Amino acid sequence: MYNILVVDDEPLICKGLAGLLTSSGLAIDDIATAYSGQEALDYIRMGDIDLLVTDIQMGEMNGIELMQQAKIVKPWVQTIIISAHETFQYAQRALQLGARDYLIKPLNSEQFLDSVRSVLLKLDKPAPQVEQFLMADNEHFRMDEPPSGRTERLNQRLATEPEQSELADLHDESELGLIGPYFAVIKMKLALKQGTESSFSSQDIRLIQYATLNIAKELLEQEPHTLAFYSPERDINIILQWSEQEMEENAGGKIHHLEMIGRSLHHHVEQHLKQSCTVGISQILRGTEFLSVLSRQADKAMLWSQQLHDFHVFYYGDFNWHNYAHETSQEVLSSQSNRIVENTRQYIEDHYRQKGLTIHEVAKNNHVSPNYLSYLFKKYTGNSLWEYVVKLRMEESRSLILNTDLRRYEIAERVGYESPEHFSKIFKKYFGVSPSELKK
């Protein structure tokens, strides 16, 4: 059973689509509706949403921006975009972000339900489970391995120092698909052990590695010019690349996009293969000569798994490497983490009344990624970052209800909500009574 969120700033359209889904016979557990991007984000932050159906033209936050923010919070949420504009630029951006469909208003009921059905079927599609691979007749199971020559040459490029890479054959780079000119590297290491401590044979491990590579390729199929292949140790190496135009259009969002990919890779490997993996993400640099630098950054990022055992997706830029000496790394890391959490707490206390406050903004203020900030805040305070924002908003609104004559819409405005209706929903969910019931 799935949970669907329908978002449109026209309430009649929201209610119409929700009614259509309710009577569709699809395996839907709950259908929520929101009339703005900010309202929708609260549902995504605080609930389990599997599919987001959103209009593209809405008030302060459009559907593309909503999709970006939703992917930062939960990269695995699927999206269908609906729009009154058949604009190629919108459609292209939506599909680049992983939208499963782009439908034009006025919607055809059957076409809409077919699109939703297609997404849900894909969610429901049995993923390659470890047990399926291990129970297969290994003598007849054939793995389509990537061409070894090309994989070997790509791994050589990741190991070639910048001064040596200047001698590289440009034709060879083009043949390998290294067109850039901007690159980043993501690495995935599975926690697989062979021998007495594990029930996995060498063939079992090869099958799980094969399944992991295929999951990575399927998740990255909408990322243009992405290369996924085995490392010499049969871990997974991924090279992502962008053109000059792509970097000009959205340079600031690329790091968050890389982090989103990393979290999605970890989530799907853990969910479908029941295996733990560590993901390391490099920065973005210009030029194939820096591929080895990016490769080392991804390796180095993963080293932090030795200090942070309950964290799995590491971005190189989250750590100030110059401040860490090996023998004091744990102490310095703890000190820096405390400082980041306290700065975050103070920033939230100063800005929680701000409409449209996002974790992206809070993370930027601390010069770390949203993923790492969310982890630290939860680890050191026991609450998620957004739970803390809601707590402050609800405590202030309760005080205003009990001690002032302000109307509901005025209180909603003061504590950062766009609409009184949305404020009331959050208030009742938090306290168990509506604002008017509390006032009485």
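At 42% relative accessibility, Lys 189 is partly exposed, a class between buried (under 20% relative accessible area) and exposed (over 50%; 1.4 Å probe, protein chains only). Asp 235, at 14% relative accessibility, counts as buried. The model is predicted, so local features need pLDDT of at least 70 and side-chain atom pairs pLDDT 80 or more, while totals for chains, interfaces and linings use all residues. Residues are numbered from 1 along each chain as its sequence is written, and side-chain values use heavy atoms, without hydrogens and water.

The side chains of Asp 235 and Lys 189 form a salt bridge, that is, a side-chain nitrogen of Lys or Arg within 4 Å of a carboxyl oxygen of Asp or Glu. The whole structure has 17 salt bridges; three of them are tabulated.

| Salt bridge | N to O distance |
|---|---|
| Asp 235 – Lys 189 | 2.8 Å |
| Lys 105 – Asp 8 | 3.0 Å |
| Asp 310 – Lys 379 | 3.8 Å |

Lys 105 and Asp 8 are 97 residues apart, and both are buried. Together with Asp 55, Asp 8 and Lys 105 are linked in a network of salt bridges. Asp 310 is partly exposed at 46% relative accessibility, and Lys 379 is partly exposed at 44%.

Helices H15 (residues 359-366) and H16 (residues 370-381) pack at about 90°, with axes 9 Å apart. H15 is therefore roughly perpendicular to H16, the class for angles of 65 to 115 degrees. The contact (heavy atoms within 4.5 Å) includes Ile 359 of H15 and Leu 373 of H16.

How values were computed: Axes fitted to C-alpha atoms, helices over the stretch in contact; angles between N-to-C directions. Helix = DSSP H or I, 4+ residues; strand = E, 2+ residues; numbered from the N terminus. Parallel < 35°, antiparallel > 145°, perpendicular 65-115°, else oblique.
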